[in-house]
Amino acid sequence: MNIVVLVKQVPDTWAERTLRPDDSTLDRASVDGVINELDEYAIEEGLRLAEAHGGEVTILTMGPEKASESIRKALSMGADKAIHLIDDGLAGSDGLQTSAALAAVLGRTGFDLVIAGAESTDARMGVMAAMLAERLGVPQVSLASKVEVDGTQLTIHRQTDYGYDKVAASLPAVISVVEKINEPRYPSFKGIMAAKKKPVETLSLADAGIDPGQAGLAAAATEVISFAKRPPRQAGTVVKDEGDGGVKAAEFLAAQKFI
Amino acid sequence: MAEVLVLAEHDGETVKKVTGELLTLARQFGEPSVVWLGGGAEGGRERLAEFGAAKVYVAEGSDVEDGVVAPAAEVLAGLVQRTSPAAVLLAATGEGKEVAGRLAVKTNSGVITDAVGLAPGDGGGLVAEQSIFGGAIVTASRVRTGTPIVAVRPNSVAAEPAPAAAAIEPAGVELSDAARAVRITERVVAERGERPELTEAAIVVSGGRGVGNAENFALIETLADSLGAAVGASRAATDAGWYPHQFQVGQTGKTVSPQLYMAVGISGAIQHRAGMQTAKTIMVINKDPEAPIFELADFGVVGDLFQVVPQLTEQIKERSAN
């Protein structure tokens with residue numbers, strides 16, 4: 001099975017994240033980059049499926065030079081090889097453009113299964129699997145908390161507000177995973193050493209056959225007009241429980257007309 | 001006047017609250033038309049009329065009801081082509097955002113997700129407000145290409161009535177084979193009693209690491225039930241298996257914007273704050289006075305939740321009985 005896992009490098013959630021004042025795009029330079037958390041679950045699921053059914057796991061990343069750190073980590077977890085779509089012309093691309101760029105690469109590499117994390121911790125759109133399935137014309141089997149492959153048949157548990165749906169489709173397909181699906185492995189020392197020798201192919205816009213006029217901030221379908229730090233919340237009242245904490249909390253709720 | 005398409009959230013019988021909110025927002029940009037997928041439109045019609053739906057486009061049948069995202073996007077895309085709406089509004093649920101994403105590709109349009117506010121722009125169009133990076137930054141964004149598609153977070157505005165006809169008509173969109181490629185074979189409903197849905201609820205009571213184990217979540221549930229609230233949990237609690245994963249509030253779980261959020265035994269790591277920072281009022285109960293969640297508290301109690309929560313629940317019941 002030819003499995004492609006999408007990996008995005010995002011600013012560390014623990015750092016103070018912000019936008020760049022000049023063009024309102026994500027400030028990637030001033031903070032540490034890490035693998036998007038849910039993508040680690042996607043990598044793990046790809047590795048497990050390859051271990052169970054045979055096949056190869058390829059990491060696909062779009063991002064600046066710095067994103068190669070995340071590619072190395074994905075390879076050290078056990079993925080076989082990687083493709084890094086890297087081009088200054090991609091900077092500032094929105095979801096619509098990113099999906100077009102990734103679909104262009106996937107169309108060239110081919111795949112049986114594309115696996116993505118359900119959303120990234122920076123943009124948090126949660127749309128990439130849906131957009132890619134639409135562009136590639138294959139089934140979208142997203143928000144999976146469980147994945148089973150039997151031949152070319154794919155069954156997942158799709159997380160819903162009320163529980164989950166059992167969903168069936170056939171390969172090739174695009175899936176996205178939620179964190180309930182597995183427990184991502186840590187890279188072993190052997191894995192880290194081996195990752196250094198694994199092939200990483202870099203592609204430019206031209207290599208991937210993407211029209212530069214359609215990529216990047218200038219051509220984005222959405223635009224951040226302005227941004228500001230949220231004013232800090234006004235300091236509230238904090239009381240120490242002296243045996244009447246519950247009573248005081250109820251008084252607050254009553255004063256605020258919640259009860 | 002241009003139409004504004006609003007994708008209804010419903011469970012086949014009841015129209016969810018967010019639909020009224022979307023209709024209220026939609027009225028700023030034109031005449032709202034609801035798109036109703038599946039059965040039950042007649043039953044929901046009164047509610048839709050109350051909040052200003054001029055028309056209700058209905059698409060039903062097993063292909064729509066048992067499909068996943070693609071049929072919804074295809075029906076909407078057909079209606080976008082036919083009606084050239086000023087915008088398409090959806091609820092920013094997991095599924096709603098996916099429908100928005102596919103629709104954006106189909107119509108080559110810009111999509112904005114998790115909007116917490118929506119207003120007309122200076123030079124026409126619309127401006128969406130978003131709260132990003134765990135609520136640290138507020139942005140104003142617009143769509144430059146195609147039909148603006150906006151997924152709005154539930155509870156972002158109060159729904160206001162504005163009666164209209166809500167005339168039902170068939171959507172009249174034929175689904176492609178591609179839209180039928182994925183089937184729901186079974187729906188598994190987790191027990192959650194009669195509680196409101198997490199993202200829709202006006203009040204959410206969440207428990208975290210301090211709750212200690214799965215059995216103790218009964219305390220959180222009892223408190224929630226005394227308020228008619230939904231129950232949430234921090235990632236620590238869902239990872240530990242104390243509470244089902246779909247109730248996780250936070251960066252990798254649900255984002256909620258209730259009128260009142262109560263964080264019980266939750267320290268308030270950024271991952272959690274990302275899911276609840278836009279709540280209007282926040283109450284905190286935690287034994288650690290240094291817990292960062294207190295920075296967000298409108299009212300906080302430093303104390304043992306096993307003392308404070310039962311007392312609070314009793315007080316609420318007493319006051320409600322009077």
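Predicted model: local features only at pLDDT ≥ 70, side-chain atom pairs only at ≥ 80, totals over all residues.
Residues are numbered from 1 along each chain as its sequence is written, and chains are lettered from A and ligands numbered from 1 in the order in which they are written.

Strand 13 covers residues 260-264 of chain B, and because five of its five residues are buried, the strand is largely enclosed by the rest of the structure. Strands here are DSSP runs of E with at least two residues, helices are runs of H or I with at least four, and both are numbered from the N terminus. Strand 11 (residues 203-207) of chain B pairs with strand 13 in the parallel sense over five bridges, where pairing requires that DSSP finds at least two bridges between two strands; in this pair Gly207(B) stands opposite Val264(B). Strand 14 (residues 281-286) of chain B also pairs with strand 13 in the parallel sense over five bridges, and there Met262(B) has Met283(B) as its bridge partner.

The domain assignment of chain B, which is automatic or taken from a database, gives domain 1 (3-180) and domain 2 (203-321). The contact between them takes nine residues from domain 1 and nine residues from domain 2, two residues being in contact if their C-beta atoms, placed from the backbone, lie within 7 Å. The C-alpha centres of the two domains lie 31 Å apart.

Chain B as a whole has nine helices and 15 strands, and of its 322 residues 61% count as buried. Its C-alpha trace spans about 60 × 45 × 40 Å along the principal axes.

Between the chains, 66 residues of chain A are in contact with 75 residues of chain B. Strand 12 (residues 222-229) of chain A and strand 7 (residues 137-143) of chain B run antiparallel and are joined by seven bridges, with Ala228(A) standing opposite Val138(B).

Definitions and conventions:
Buried ≥ 20, exposed ≤ 12 C-beta atoms within 10 Å, placed from the backbone.
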